[in-house]
Amino acid sequence: MNKQRFLQKRRQEWKRFEQLLARRGTASGGRPKPAEITEFSRLLREVSNDLATIQAHDWGQGLVEYLNNLAARGHDAFYRASPAGWRPALEFIVAGFPRLFRRNAGYFAVAAALFFVPLAATWIAVQNEPTLALRIVPAEQLDSFDEMYGEASTSDPEHAAGGEGSDDDDVSDHGFGEERAAMAGFYVQHNVGIALQCFARGILLGVGTISTLLYNGIVIGSVAGYVLSLGHSEKFLSFVVSHGSFELTAIAIAGGAGLMLGDAFVHAGQRTRLESLRVRGMEAVQIAGGAAVMLVVAAMIEAFWSPAPIPAVAKYVVGGFLWVLVALYLGLSGVRR
Amino acid sequence: MVLSLNLSIETPENVVLTHQLAGPTYRLAAYLIDLVLRVGVFLGLTTFIMVVGAMTLPGLAIGTTLLLLFLLEWGYTIGFEFFWQGRTPGKYICGLRAIHENGQPLSWWGATLRNLVRIGDMLPTMLLYGEEAGIFLILPIYGPALVAMLMSPKLQRLGDLAARTVVVHSRRARLPRDPVIYDKIPPLDPAEINAVVPRSETLALIDQFLGRRSVLTYERGHELAGNLAQALAQRLDYQGDSDAVRKYPMAFLARVYVTFTKDNEPEVDVRAEPTRRRRRVPAGASA
């Protein structure tokens, strides 16, 4: 076969394929007609064949590059990732995420221990000996917490947003309104960010995740212990009980996902370490994604419900209900019968 | 293959596609462009929101700003890469794309994983803090990313390794024009050469060289062609006009090419159909 004649014969088909590709690339292309799909599929196979022919005959790098590009773009268009949509997203939240969570519950248990045990320990220690809090959280920050949960409490989100761990710390007597909207933005940006970082740092053999969990547990515990030691217990507890259900659980879940990443390297099992990272990484990121959704829910509760000017008893009831809801969701949602 | 940084993917059509992998420099450039864009968009929109919203709805303005910060921090790369076939604006400008190792376009979770793990990749971070301005700038060093890229054969950072993705150059290749010269040039007289047949690689090289000679200046093109033409003339023991070989080496190369590619073909008059592309006679063709 002669190169020039081959080119002459095939050029029209390549131009046609380029046209089809260009139409696929634009949003206005709309749904392809059945005949068009058939033609596209035929041309893709032909172009692939031409590419192999040219490679075999060594007919020039430029030509190979051109056809390689055509075939690659055709391949992209033909074997596209499944499109985004509300349905898969909803399915993920209702069933996919809780299932993945249950399948990897062991990591969650370890992460929860790393988070809640130091939290409880510092809480108890600081409540009995409030000066200990000074060794963990800077004094001016502690003062701002005192102000917040004290009697006259108007506070600016930026002041409360000191360290990484200061996440259940703002309350206001103003109830709903402008300040709430500001806090909603803050909670999403701050808390979801922490959870995602907590997950992502797991890639460093899990060390980053473990330190993030311990740090947040200790800081939250000492703040809680300190505030309670000042006698603001009802105000503080009724504030945190509702969103704590989603928020604290989700942080532990994200931590568990981070541990999965790190553990994939450490305990690779029958796979190579890289392969193990890939398999478990795909599951871990979905769990972290679910945790992020939970934290957005928590942020909304924290911004609009937790500071609402209603009796503490009502908040305890709703808060308790939310804890049960989280447990039921993670434990039972999407169970196959 | 001449290029070594290639990723070969076998498609279901049993054809091997190649993508050229992108190295740290290109990707750093794309990253910096994205960073500038993100900071610019954030500052611009924040100023706008604050000016408009500060009087009427101050709380909502602050909330929106923080939400915007979150979206730019976490959503920017994930969103762009998923909805724009592996590109962010920075990658687009640098001609890069992220794809899965098996050649498939980025999936949602693939884009999410590779961009979340970025947090691990960018360590250690330097924190530049403007005390009175209250603005801090995080400057990532990307240490683990660089080490991982240097150690992995596909130039992948940790996020890429976990999500099975690679970053490749995505150029628009164009159909190369075939040299017009072939139509005009007579083949070499068999009486003037010996029985040596040049290797097919040599012929392909001539073909590619002539096809791309427009990117070289006339002098430089002749200089380069001269070396090959002289060597070939010697190898073929060319008895013809050696002055012409020296003066018009491109024409000689074209004659060699025509001689050895047309010979084994039965004479069918392909040129019967009119070709539009015979516009000018190339410089060397007068030989």
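Start by selecting Ala195(A): setting aside neighbours within four places in sequence, Ala195(A) is in contact with Ala250(A), Ile251(A), Ala254(A), Ala291(A), Ala292(A) and Leu295(A). Here, contact means that the C-beta atoms of two residues, placed from the backbone, lie within 7 Å.

Before moving on, a word about what is on your screen. This is a predicted model, in which local features need pLDDT of at least 70 and side-chain atom pairs count only at pLDDT 80 or more, while totals for chains, interfaces and linings use all residues. Residues are numbered from 1 along each chain as its sequence is written, and chains are lettered from A and ligands numbered from 1 in the order in which they are written.

A residue is buried if 20 or more other C-beta atoms lie within 10 Å of its own, exposed if 12 or fewer, and partly exposed in between, with C-beta atoms placed from the backbone.

**Thr249(A)**

Stay on helix H10 of chain A and pick Thr249(A). Is Thr249(A) buried or exposed? Thr249(A) counts as buried because it has 23 C-beta neighbours inside 10 Å. Beyond neighbours within four places in sequence, Thr249(A) is in contact with Met294(A) and Val326(A).

**All of chain A**

Zoom out to chain A, whose secondary structure comes to twelve helices and zero strands. Helices (H or I, at least four residues) and strands (E, at least two) are DSSP runs, numbered from the N terminus. Buried residues make up 46% of the 337 residues in chain A.

**Where the chains meet**

Now show both chains: 59 residues of chain A are in contact with 56 residues of chain B. To see the side of chain A that touches chain B, select helices H1 (3-25), H2 (34-57), H3 (61-78), H8 (178-200) and H11 (273-305) of chain A, the elements that give two or more residues to it. H8(A) gives the most, with 16 residues. By class, this side of chain A has 28 nonpolar, 19 polar and twelve charged residues. The predictor gives the complex an ipTM of 0.81 and a pTM of 0.77.

**A helix pair in chain B**

Select helix H2 (residues 58-83) and helix H4 (residues 108-116) of chain B, whose axes come within 9 Å and cross at roughly 150°. Axes are lines fitted to C-alpha atoms, for helices over the stretch in contact, and angles run from 0 to 180 degrees between N-to-C directions. Which residues meet here? Thr77(B), Ile78(B), Glu81(B) and Phe82(B) in H2(B) meet Trp108(B), Ala111(B), Thr112(B) and Asn115(B) in H4(B).

**Last stop: confidence**

Colour chain B by pLDDT, the predictor's confidence in each residue, from 0 to 100. Chain B averages 78, and 82% of the residues score at least 70. Finish at residues 263-287 of chain B, where the pLDDT is below 50. Where pLDDT is low, the predicted coordinates should not be read in detail.

Definitions and conventions. Nonpolar A, V, L, I, M, F, W, Y, C, P; charged D, E, K, R; others polar.
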